[in-house]
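Hi everyone, thanks for coming. I'd like to walk you through a model today, so please have the picture in view.

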Amino acid sequence: MTTPPSLDAATFADLRQAVGDQAMPVLLGRFQAQLRGWSVRGEPAALGAAAHGVIASSGLIGFTRLSRLCAALETACHAGDLEAIRTLAAEVAAEKDVAEAEIARLIAAG
């Protein structure tokens, strides 16, 4: 099984076309700040709420794997499944690091 790319290039290109080149760095900067402010820790209700906030923004930009993992984490938090929460929080944290590096690259590239 291969890991899907962190950034869906087609989704990203569609967003860039929709908002324009001037707005892209602003959107990426906001998403970058959202991810930086999230430690992927805490009690399940807060963790689920934070994951919920990342689902839409990551999906909009094209970070589909991060979006899917956050959705699964939110579901596990609502269910109170501590084993799944631990596993998914680790996966989300790793994918969040990948996304943050990619966002930095995209911002630097303009």
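A word on the ground rules. This is a predicted model, where local features need pLDDT of at least 70 and side-chain atom pairs count only at pLDDT 80 or more, while totals for chains, interfaces and linings use all residues. Residues are numbered from 1 along each chain as its sequence is written, and side-chain values use heavy atoms, with hydrogens and water left out.

So how confident is the predictor? pLDDT is its confidence in each residue, from 0 to 100. The chain has a mean pLDDT of 93, with 96% of its residues at 70 or more. Confidence is lowest in α1, at a mean of 94, and highest in α4, at 97. Those element names come from DSSP runs numbered from the N terminus: helices are H or I with at least four residues, and strands are E with at least two.

Let's look at α2, residues 24-36. The expected span of a helix is 1.5 Å times one less than its number of residues. For the 13 residues of α2 that gives 18 Å, and the end C-alpha atoms are 18 Å apart, which agrees.

Which residues of α2 are buried? They are Met-24, Leu-28, Phe-31, Gln-32 and Leu-35. Buried here means under 20% relative accessible area, exposed means over 50%, and partly exposed is in between, with a 1.4 Å probe and protein chains only. Seen down the axis of α2, the buried residues fall within an arc of 105 degrees, so they line one face of the helix. That arc is taken from the directions from the helix axis to the C-beta atoms. What covers these residues includes α1 (9-19), α3 (44-61), α4 (64-79) and α5 (82-109).

Now to the core. A nonpolar core is a set of buried Ala, Val, Leu, Ile, Met, Phe, Trp, Tyr and Cys residues joined through side-chain atoms within 4.5 Å. The largest one has 28 residues, and Trp-38, Leu-66 and Leu-73 touch the most other members. Two or more residues come from each of α1, α2, α3, α4 and α5, and the largest share, 7 residues, is from α5.

Contact means heavy atoms within 4.5 Å. Setting aside neighbours within four places in sequence, Leu-66 is in contact with residues including Phe-31, Leu-35, Val-54, Val-92 and Lys-96.

How many salt bridges does a search of the whole structure find? It finds 5. In one of them, Lys-96 meets Glu-100 at 3.3 Å, N to O. Both lie in α5, 4 residues apart, about one turn of the helix. Lys-96 counts as buried at 9% relative accessibility, and Glu-100 is buried too, at 18%.

Also in α5, Glu-102 and Arg-105 are 3 residues apart, again about one helical turn, and their side chains meet at 2.6 Å. Arg-105 is partly exposed, at 46%. Another salt bridge joins Arg-16 and Asp-21 at 3.1 Å; Arg-16 is partly exposed at 22%, and so is Asp-21 at 47%.

Last stop: Val-40, in the loop between α2 and α3. Its phi is near 55 degrees, a positive value in a residue other than glycine. Is Val-40 buried or exposed? At 7% relative accessibility, Val-40 counts as buried.

Definitions and conventions:
pLDDT = per-residue confidence, 0-100. Salt bridge = Lys/Arg side-chain N within 4 Å of Asp/Glu carboxyl O.
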